[in-house]
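Thanks for coming, everyone. I'll walk through one structure today. Please look at the sequence and the model first.

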Amino acid sequence: RENNARLETVNTELRQAKRAAEEAFQVAQEANRSKSSFLANMSHDIRTPMNAIIGMTSLIRYDAGDKGKVIEYADKIDISSQHLLGIINNVLDMSKIEAGKTVFKYSDFSIVDFIQELDTIFHSQIYEKQQTFTITKENIRHEWVSGDRVHLMQIFSNLLSNAIKYTQEGGEIQFLVEEYETKSRAYARYRFLVSDNGMGMSADFKNTIFDAFTREESSMTNKIQGTGLGMAITKNLVEAMGGTIDVESEPGQGSCFEILMDLKTAEDQSVSL
């Protein structure tokens, strides 16, 4: 009886190990498919700005004597170069995150100035698409905090850039910053919302949006360039800073990203807004 019991235990463990191996194999297969799809998409995304740069360079040689056209071509080269640099930076950032080599540098900064800088950065893009950008600040009692300003800027730049890209002309984008009540004397808790009334996303894609190398495939989204790394990078950075990120979205109804994060308050710096 004891031998039978031991054999039954071993068989149970073997069955569990087999299921775990099968699940791991499926996960590996899905990851491999995602990376293959990513490489195909990235190849296309890289070729597009590279072809534009090469084409504009040829036109500059042809129209070298026309200053107006040369300036126009140079501007287009600059736009394509910035897009190409963004793709490369995303790939490098994801590689650093996966290798655990992301370095955080903390300094004091003003939340209010930080929000204003984001408004300035995206003003021209929003203006070009005739969109409305509304910023709301609620219960900000600690304006000055200590954090990694550069990576925080990357997080919200990713979210706002996507909101602009996936929202139609004349659409609405909102950015809410709210300070929550907390018993801590050293940290302030902030809630950030980035929402839009754009195309939204399917329920299936919403469950994988924070996975690396994933993009929603549809007739609308396929026209929009991207590597499928931005949201994975964003989630990893948020969690590395001790925060959380969630999303609510419905097709045709827009999306809303919520970030909750504790930031260390800077000494002797506080306001009421």
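Let's start at a helix end. Asp148 caps the N-terminal end of α4, with a side-chain oxygen 3.3 Å from the backbone nitrogen of Val150. That is a polar contact: a pair of N or O atoms within 3.5 Å, where, within protein, one must be able to donate a hydrogen and the other to accept it, and residues adjacent in sequence count only if both atoms are side-chain atoms. Helices (H or I, at least four residues) and strands (E, at least two) are DSSP runs, numbered from the N terminus.

Some ground rules. This is a predicted model: local features need pLDDT of at least 70, side-chain atom pairs count only at pLDDT 80 or more, and totals for chains, interfaces and linings use all residues. Residues are numbered from 1 along each chain as its sequence is written, and side-chain values use heavy atoms, with hydrogens and water left out.

Back to α4. The helix has 17 residues and reaches 24 Å from first C-alpha to last, close to the 24 Å expected at 1.5 Å a residue. The expected span is 1.5 Å times one less than the number of residues.

Is α4 enclosed or open? Of its 17 residues, 12 are buried, so the helix is largely enclosed by the rest of the structure. Buried means under 20% relative accessible area, exposed means over 50%, and partly exposed is in between (1.4 Å probe, protein chains only). The buried residues of α4 include His151, Gln154, Phe156 and Asn158.

Now Arg149. Its side chain meets that of Glu117 in a salt bridge, 2.6 Å from N to O. This pair links distant parts of the chain: Glu117 is in helix α3 (residues 111-128), Arg149 is in helix α4 (residues 149-165), and they are 32 residues apart. Glu117 is partly exposed, at 31% relative accessibility. Arg149 is partly exposed too, at 25%.

How many salt bridges are there? The count is 10, where a salt bridge is a side-chain nitrogen of Lys or Arg within 4 Å of a carboxyl oxygen of Asp or Glu.

Next, Asp262 and Arg189. Their side chains form a salt bridge at 2.7 Å, N to O. Asp262 lies in strand β7 (residues 254-265) and Arg189 in strand β5 (residues 187-196), so the pair ties together parts 73 residues apart in sequence. Asp262 is partly exposed at 32% relative accessibility, and Arg189 is partly exposed at 37%. There is also a network: salt bridges link Arg141, Glu179 and Glu181.

**Around Lys235**

Lys235 has two partners to show you. One is Glu239, in a salt bridge whose closest N and O atoms are 2.8 Å apart. Both residues lie in helix α6 (residues 230-240), 4 residues apart, about one turn of the helix. Lys235 is partly exposed at 24% relative accessibility; Glu239 is partly exposed at 43%. The other is Phe210: the charged end of Lys235 sits over its ring, 5.3 Å from the centre. The rule is NZ of Lys or CZ of Arg within 6 Å of the ring centre and within 35 degrees of the ring normal.

The buried residues of α6 include Met231, Ile233 and Leu237. Just after α6, Gly242 takes a positive phi of about 85°.

**Ser110**

Ser110 lies in strand β1 (residues 107-110). The residue is buried, with 2% relative accessible area. A polar atom of the Ser110 side chain lies 3.2 Å from the backbone nitrogen of Val112. A polar contact of 2.4 Å joins the side chains of Ser110 and Glu143. Leaving out residues up to four places away in sequence, Ser110 touches Glu143 and Trp144, with contact meaning heavy atoms within 4.5 Å.

**Aromatic rings**

Last topic. The count comes to 6 aromatic pairs. Rings of Phe, Tyr and Trp (its six-membered ring) pair if their centres lie within 6.5 Å; planes under 30 degrees apart are stacked, over 60 edge-to-face, and the rest tilted.

Take Phe109 and Phe114. Their centres are 5.7 Å apart and their planes at 50°, so this pair is tilted. Both Phe109 and Phe114 are buried. Phe156 and Phe175 form a tilted pair as well, 5.5 Å centre to centre with 45° between the planes. Phe156 is buried at 2% relative accessibility, and Phe175 is buried at 1%. Ring pairs join Phe109, Phe114, Phe156, Phe175, Tyr190 and Phe192 into a cluster.
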